[in-house]
Amino acid sequence: MPLSMYQISVPAFVRGLKVLSDLLKKGEEFAEEQGMIPDVLFNASLAADMMPLSAQVQHACDTAKMSVARLSGVKAPSMEDNEATFQQLQERIAATLAYLESVGRELVEQSESKEITLNWEAIQPTFSGADYQISFGLPNFYFHLVTAYGILRSQGVDIGKIDYLGPYPQ
């Protein structure tokens with residue numbers, strides 16, 4: 001049986017956001033153990049022109065919810081980008097997970113040929129649902145997830161590849 005649009009969307013985002021939540025927990029524990037001000041990790045980035053950890057989490061959540069919204073037609077909740085603590089980032093992840101899990105599978109299943117146009121200032125690319133998810137939604141989500149991992153790792157948090165991959169399905 002071929003993979004469905006639902007399978008390459010909601011479960012992938014749910015798994016990735018749970019991994020991100022676990023990474024943040026390890027980051028917060030590290031900061032506490034080191035006597036570090038949490039803002040140091042929260043505002044850390046990999047390069048001067050890159051967004052900090054907090055924005056990587058916000059963008060991972062936004063990519064997941066907006067991808068599913070575009071595919072399903074179910075409006076995603078609006079979230080302000082005002083998180084200032086690890087707890088608030090965890091709440092954002094939880095709210096995103098709740099939205100993803102509330103969208104009916106059947107609404108995503110038949111979206112492979114749905115036309116999706118992104119309204120960016122410079123360009124407005126149009127995709128089929130399948131092309132959107134494969135060439136934009138998933139790569140963008142994983143970019144922010146791995147960048148959050150990289151920021152935490154670069155700041156000394158004891159995480160490795162298995163932490164990024166997360167638990168395997170049983």
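Reader: Angles under 35 degrees count as roughly parallel, over 145 as roughly antiparallel, 65 to 115 as roughly perpendicular and the rest as oblique; which of these words describes α3 and α4?

Author: The model is a predicted one, in which local features need pLDDT of at least 70 and side-chain atom pairs count only at pLDDT 80 or more, whereas totals for chains, interfaces and linings use all residues. Residues are numbered from 1 along each chain as its sequence is written, and side-chain values use heavy atoms, with hydrogens and water left out. With helices (H or I, at least four residues) and strands (E, at least two) taken as DSSP runs numbered from the N terminus, and with axes as lines fitted to C-alpha atoms, for helices over the stretch in contact, and angles running from 0 to 180 degrees between N-to-C directions, the axes of α3 and α4 come within 10 Å and cross at roughly 10 degrees. The two helices, α3 and α4, are therefore roughly parallel.

Reader: Which residues of α4 make the contact with α3?

Author: Contact here means heavy atoms within 4.5 Å, and the residues that α3 brings to it include Leu 53, Val 57, Cys 61, Lys 65 and Val 68. On the side of α4, the contact is made by Phe 86, Leu 89, Arg 92, Ile 93, Thr 96, Tyr 99 and Leu 100.

Reader: Is Lys 65 buried or exposed?

Author: Lys 65 lies in helix α3, and once neighbours within four places in sequence are left aside, Lys 65 is in contact with Ala 76, Pro 77, Ser 78, Met 79, Thr 96, Tyr 99 and Leu 100. Relative accessible area sets the class (under 20% buried, over 50% exposed, partly exposed in between, with a 1.4 Å probe and protein chains only). The relative accessibility of Lys 65 is 5%, so Lys 65 counts as buried.

Reader: What is the handedness of the crossing of α1 and α3?

Author: The axes of α1 and α3 come within 10 Å and cross at roughly 165 degrees, which means that α1 is roughly antiparallel to α3. Among the residues in the contact are Phe 13, Leu 17 and Leu 20 of α1 and Val 57, Ala 60 and Ala 64 of α3. A crossing is left-handed if the near helix is turned anticlockwise from the far one by less than a right angle, and right-handed if clockwise. The crossing of α1 and α3 is left-handed.

Reader: How is α1 directed relative to α6, and which of the words for angles applies?

Author: Residues including Phe 13, Gly 16, Leu 20 and Gly 27 in α1 meet residues including Phe 141, Leu 145, Ala 148 and Leu 152 in α6. The two helices pack with their axes 10 Å apart, at an angle of about 10 degrees, so α1 and α6 are roughly parallel.

Reader: What kind of aromatic pair do Phe 13 and Phe 141 form?

Author: Rings of Phe, Tyr and Trp (its six-membered ring) pair if their centres lie within 6.5 Å, and planes under 30 degrees apart count as stacked, over 60 as edge-to-face and the rest as tilted. The structure holds seven such pairs. The ring centres of Phe 13 and Phe 141 are 4.9 Å apart with the planes at 75 degrees, so the pair is edge-to-face.

Reader: How many residues apart are Phe 13 and Phe 141?

Author: Phe 13 belongs to helix α1 (residues 10–34) and Phe 141 to helix α6 (residues 129–154). Phe 13 is buried at 0% relative accessibility, and Phe 141 is buried with a relative accessible area of 0%. The pair links distant parts of the chain, and the separation is 128 residues.

Reader: What distance separates the C-alpha atoms of Glu 112 and Ser 4?

Author: Glu 112 sits in the loop between α5 (105–109) and β1 (115–117), and at 34% relative accessibility it counts as partly exposed. Apart from neighbours within four places in sequence, Glu 112 is in contact with Met 5, Ser 128, Gly 129 and Ala 130. Although Glu 112 and Ser 4 are 108 residues apart along the chain, their C-alpha atoms are separated by 8.5 Å.
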